[in-house]
Amino acid sequence: MQAIVSGLLDLIAPHRCAACDRASDMEGWVLCRPCDALVERHDSTGAVFEYGGPVAAAIRRFKYEGRSELGRALGAQMAEEALVWAGRVDGVVPVPLHWRRRRARGYDQAALLAKPVARALEAPAWFRCLHRIRNTPSQVNLPHAARLQNVQGAFQSRALAGSPRLLLVDDVRTTGATLAAAADALRAAGAGDVQALVLAVRVLGRAT
Ligand SMILES: [Zn+2]
């Protein structure tokens, strides 16, 4: 019920900060001015933000507090980033949750982020292309080598004809192990070039 009410409020007053939920005069930007002053933009391609502070708060609300509607605004920010460097792609592929986790959450956050990105790039979003065939434990507290092992072989893609050029979309990148495993599965299935775009990069060793 609360999610429905806040969803309706967002329709009436669309410029609300994704991190603190206050009304914001920053049109076309996902954060309000005070929150925006606290975030670090990621300075190389493939990500919008560095993880932490208001960005971590926004992602928490989006993923764990049922605020699926934030995907539209957060994805729009990713779309702007993608337009700068992604070029022409044949498909936008969200990194999928395992179906058990999607069922528990009620939505798949990467799929919601992929929609605005696909629209901006005028490419189809391929929601049923990639599957997570193993329900891997959370990566958050694993060291790098364990992360690689944790996700190896976790994904499977349907066969892809014509070496399509793809853009993978996910919410957070830490070591890149998940994206690498997903890209491997797409290439094994026949994808050509596979690029990756995330909302935020978690910089290891930095307090969040
Ligand atoms: Zn704010």
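Two ground rules before we start. Residues are numbered from 1 along each chain as its sequence is written. The model is predicted, and local features need pLDDT of at least 70, side-chain atom pairs count only at pLDDT 80 or more, and totals for chains, interfaces and linings use all residues.

Helices (H or I, at least four residues) and strands (E, at least two) are DSSP runs, numbered from the N terminus. Two packed helices are described by the angle between their axes and the distance between the axes. The axes are lines fitted to C-alpha atoms, for helices over the stretch in contact, and the angles run from 0 to 180 degrees between N-to-C directions.

First pair: helix 4 and helix 6. Helix 4 covers residues 70–85 and helix 6 covers residues 109–121. They pack at about 45 degrees, and their axes are 7 Å apart. That makes helix 4 oblique to helix 6. On the scale used here, angles under 35 degrees are roughly parallel, over 145 roughly antiparallel, 65 to 115 roughly perpendicular, and the rest oblique. The crossing of helix 4 and helix 6 is right-handed. A crossing is right-handed if the near helix is turned clockwise from the far one by less than a right angle, and left-handed if anticlockwise.

Which residues meet? From helix 4, they include G71, L74, M78 and L83; from helix 6, they include L112, K115, V117 and L121. By class, this contact has 12 nonpolar, three polar and two charged residues. Contact means that two C-beta atoms, placed from the backbone, lie within 7 Å. As for the classes, Ala, Val, Leu, Ile, Met, Phe, Trp, Tyr, Cys and Pro count as nonpolar, Asp, Glu, Lys and Arg as charged, and the others, Gly among them, as polar.

Stay with helix 6. Is it enclosed or open? 10 of its 13 residues are buried, so helix 6 is largely enclosed by the rest of the structure. Buried means that 20 or more other C-beta atoms lie within 10 Å of the residue's own; 12 or fewer is exposed, in between is partly exposed, and C-beta atoms are placed from the backbone. The buried residues of helix 6 include Q109, L113, P116 and A118. Their cover includes helix 3 (53–64), helix 4, strand 2 (91–94), strand 5 (166–173) and strand 6 (194–201).

Length check. At 1.5 Å a residue, the 13 residues of helix 6 should span 18 Å, and the end C-alpha atoms are 19 Å apart, which agrees. The expected span is 1.5 Å times one less than the number of residues.

What follows helix 6? It is E122, with a positive phi near 55 degrees. Most residues other than glycine have a negative phi. E122 is not a glycine. It sits in the loop between helix 6 and strand 3. With 8 C-beta neighbours inside 10 Å, E122 counts as exposed.

D21 also has a positive phi, near 75 degrees, and is not a glycine either. D21 lies in the loop between helix 1 (2–12) and helix 2 (33–36). It is partly exposed, with 17 other C-beta atoms within 10 Å.

A58, R61 and F62 of helix 3 meet L70, G71 and L74 of helix 4.

The angle is about 30 degrees, with axes 9 Å apart. That makes helix 7 roughly parallel to helix 8. Contact comes from R147, L148 and V151 of helix 7 and A177, T178 and A181 of helix 8.

Helix 8 itself has 12 residues, 177–188, and reaches 16 Å from first C-alpha to last, close to the 16 Å expected. Its buried residues include L179, A182, A185 and L186. Among their cover are strand 3 (130–132), helix 7 (144–151) and strand 4 (155–157). Just after helix 8, G190 takes a positive phi of about 115 degrees.

Last stop: R132, in strand 3. Buried or exposed? With 23 C-beta neighbours inside 10 Å, R132 counts as buried. R132 and A182 are 50 residues apart in sequence and 8.7 Å apart in space, C-alpha to C-alpha.
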